[in-house]
Amino acid sequence: MSELLPWLRVIQRRRSRLLVGAGLILLTLLSGLGLLALSGWFITATAVTGLLLAAGIQASLDIYTPGGGIRGFAVTRTVARYLERLYNHDTVLRLLADVRIQLFRGLARQSYRHLRSLRGADWLNRLTTDLDAMDSLYLRLIAPTALALLVSVGLVLVAWWLVSPLLALALAVLLAAGFLVATVLLHLRTGDHAAAMMAQQADLRAATIEHLEGQAELRAAGLLPQQQQALSARGDDYMAGQVVVDTRTAWHQALAGALVNLAALTALVLGLQQMAAGAITGPVAVILPLALLGLVEVYGQLPEAFGRLGATVTSAARLNRDSGPLVPGSGSGTDRERAGDGSDRARTGICLRDADIGPAGLEQVLKGLTLTLEAGDWLGVVGRSGSGKSSLADALAGCAPLAAGQREGVPAARVAYLTQQTTLLDDTLRANLVPDGRPVSDETLWRALELVGLGERIAASRGRLDTWLGAYGSKLSGGEARRVALARVLLHPADLVILDEPFTGLDRATRERICQQLPAWLEGRTVVVLAHDEDALVPVRQVLHLDQR
């Protein structure tokens with residue numbers, strides 16, 4: 001359950017909305033229970049009065065007060081239900097945005113190696129199934145559980161006050177048993193199965209996507225029928241697990257409902273005994289049983305949530321593993337240090353010892369490479385396409401494992417890496433410059449934009465720093481998008497900065513202007529710049545020619 005804590009902390013940031021939403025749910029529930037109980041009392045009182053009058057006994061009944069109460073409960077229930085649905089669905093959408101921000105900020109702090117290890121199907125699971133499990137925690141799990149406990153305790157106290165302590169004790173035992181059957185006991189019986197199903201679902205989704213993408217090759221090789229059979233068998237295994245969870249959930253739901261109904265029957269029997277003893281009237285004796293029957297709806301929502309709680313915990317564990325916990329406002333240091341614009345913080349160098357570098361399972365591009373850079377060194381790497389520049393950059397950044405040898409020095413989390421591929425988010429310029437959400441002042445952001453030659457362009461836009469860049473930065477030209485990506489790297493508080501072809505798509509004047517300002521901005525940090533020839537490098541202190549190795 002500890003896996004849920006980071007996401008529960010995200011949810012509780014909107015505690016005021018959660019409390020209002022829970023209040024609306026409670027008002028709807030109490031209005032329904034009140035409507036059922038008061039209607040039962042009124043019908044019973046009317047029948048008793050009619051029987052007395054038929055027997056020639058003088059009797060009277062105020063029909064206006066209970067009639068008004070019934071209409072009041074009916075209207076309140078309808079209005080409260082509408083407001084609850086409207087308000088809580090809006091809250092869930094806000095929670096979904098919060099959870100997504102939590103996930104993406106956490107992912108922004110992960111190493112490139114870890115992010116590359118996730119398959120497309122893994123990303124699809126994180127962004128759909130796993131996120132849905134987190135944003136629905138409130139409506140599916142937290143609110144129904146809390147309200148079931150609250151209403152149950154309330155009905156026990158009403159039984160104590162209205163009928164007898166014996167009935168209150170009997171209801172407490174039966175409702176507690178029903179609650180445990182619908183929640184804790186169900187989770188104990190389905191938790192492992194639901195968790196295994198969640199893992200199976202991820203693997204099955206990945207296998208299905210790979211099968212669809214490779215149909216042409218499988219058909220050409222004559223392997224399509226075998227692959228289809230294997231995929232169908234895996235689907236059957238998944239459905240078998242689903243049947244187990246659903247069956248156990250249904251049984252627990254039925255048993256919990258039976259216990260609540262038994263509580264209603266007990267209330268009716270003991271209420272009639274109290275009526276026979278003259279302690280209460282007949283209409284009062286039916287109030288509590290009818291209210292307890294209304295509780296069946298509340299308890300009926302619990303098994304669905306707790307039957308899948310194991311899967312929810314598994315989703316939370318995967319999100320925690322892939323994005324890491326996020327504590328708002330965490331970290332230390334000034335804005336100058338966070339932005340990485342020349343702070344005096346102690347930095348470290350980087351060293352590769354006898355490193356073999358290249359794609360796994362293939363011939364290594366670079367073999368036996370030993371490279372040592374002290375803190376503050378600037379290295380240029382020059383080589384033709386295929387000489388291993390990007391592979392070396394991946395190794396220095398800690399993105400790709402070495403086939404042999406060791407990497408020492410700067411941890412991967414303290415590396416800022418501008419790859420050859422320019423990737424921008426469908427978000428504001430500010431969010432693209434600081435995707436992990438750490439606090440950086442507007443002044444520092446503008447300085448970074450001035451350095452890459454975008455200051456005037458952004459200042460003239462309507463949204464300025466909050467300008468929306470569109471999907472993949474579609475509102476920018478290729479050169480402008482490249483400069484935004486460069487500014488993002490420069491704003492990262494890194495010890496090691498790696499720039500792979502940083503001036504792709506830039507004119508000579510812009511490149512020279514950036515080169516003049518980079519040394520001051522990156523003062524004290526280790527810098528590696530990769531290019532096809534020395535003319536495309538920033539001013540460096542040493543150059544490594546890979547073609548000459």
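Guide: Start at glycine 398. This residue follows helix α15, and its phi is positive, near 80°. One caution before we go on: the model is predicted.

Visitor: What makes α15 a mostly covered helix?

Guide: Count the buried residues. Helix α15 covers residues 389-397, and seven of its nine residues are buried. They are Lys389, Leu392, Ala393, Asp394, Ala395, Leu396 and Ala397. Buried means under 20% relative accessible area.

Visitor: Which residues other than glycine have a positive phi?

Guide: Aspartate 354 is one of them, with a phi of about 50°. Glutamate 501 is another, with a phi near 50°. Aspartate 354 sits in strand β1. Glutamate 501 sits in the loop between β6 and α20 (508-521).

Visitor: Is aspartate 354 buried or exposed, and how do you know?

Guide: Its relative accessibility is 53%. Exposed means over 50%. Aspartate 354 therefore counts as exposed.

Visitor: And glutamate 501, buried or exposed?

Guide: Here the value is 12% relative accessibility. The limit for buried is under 20%, so glutamate 501 counts as buried.

Visitor: Back to β1. Which strands does β1 pair with?

Guide: Two strands. Five bridges join β1 (residues 350-357) to β2 (residues 366-373), and the two run antiparallel. Five bridges also join β1 to β4 (residues 404-409), again antiparallel. Pairing takes at least two bridges, so β1 pairs with β2 and with β4.

Visitor: Which residues face each other there?

Guide: Cysteine 351 stands opposite threonine 372 in β2. Leucine 352 has arginine 407 in β4 as its bridge partner.

Visitor: What is the strand order of this sheet, and why are some strands called edges?

Guide: The order is β2-β1-β4, in an open sheet of three strands with antiparallel pairing. β2 and β4 each have a single partner strand, so one side of each lacks a neighbour in the sheet. From one strand to the next, the twist averages 10°. Helix α15 packs on this sheet and touches β1, β2 and β4. The direction of α15 makes about 130° with that of β1.

Visitor: Where is the sheet with parallel pairing?

Guide: Look for the order β5-β6-β7-β3-β8, an open sheet of five strands. β5 (415-418) and β8 (542-545) are its edge strands, since each pairs on one side only. The twist here averages 15° from one strand to the next.

Visitor: How do you know that β3 and β7 pair?

Guide: Five bridges join β3 (residues 378-382) to β7 (residues 526-531), and the strands run parallel. At least two bridges are needed, so β3 and β7 pass the test. Glycine 380, for example, has valine 529 in β7 as its bridge partner.

Visitor: Which helix lies across β5 and β6?

Guide: Helix α19 (residues 478-490) does, running at about 170° to β5. The strand β6 spans 496-500.

Visitor: What makes the contact between them?

Guide: From α7 come Leu167, Leu171, Leu175, Gly178, Phe179 and Ala182. From α11 come Leu288, Leu292, Leu295 and Tyr299. By class, that is nine nonpolar, one polar and no charged residues.

Visitor: Why is leucine 262 called partly exposed?

Guide: Leucine 262 lies in helix α10. Its relative accessible area is 38%. Buried is under 20% and exposed is over 50%. The value falls in between, so leucine 262 is partly exposed. Its C-alpha atom is separated by 9.7 Å from that of proline 289, 27 residues apart along the chain.

Visitor: And glutamine 242, buried or exposed?

Guide: Glutamine 242 is in α10 (residues 224-276). At 15% relative accessible area, glutamine 242 is buried, because the cut-off is under 20%. Leaving aside neighbours within four places in sequence, glutamine 242 is in contact with Met197 and Arg308.

Methods:
Residues numbered from 1 in each chain as written. Predicted model: local features only at pLDDT ≥ 70, side-chain atom pairs only at ≥ 80, totals over all residues. Heavy atoms only, no water. Buried < 20%, exposed > 50% of the residue type's maximum accessible area, 1.4 Å probe, protein only. Helix = DSSP H or I, 4+ residues; strand = E, 2+ residues; numbered from the N terminus. Axes fitted to C-alpha atoms, helices over the stretch in contact; angles between N-to-C directions. Contact = heavy atoms within 4.5 Å. Nonpolar A, V, L, I, M, F, W, Y, C, P; charged D, E, K, R; others polar.
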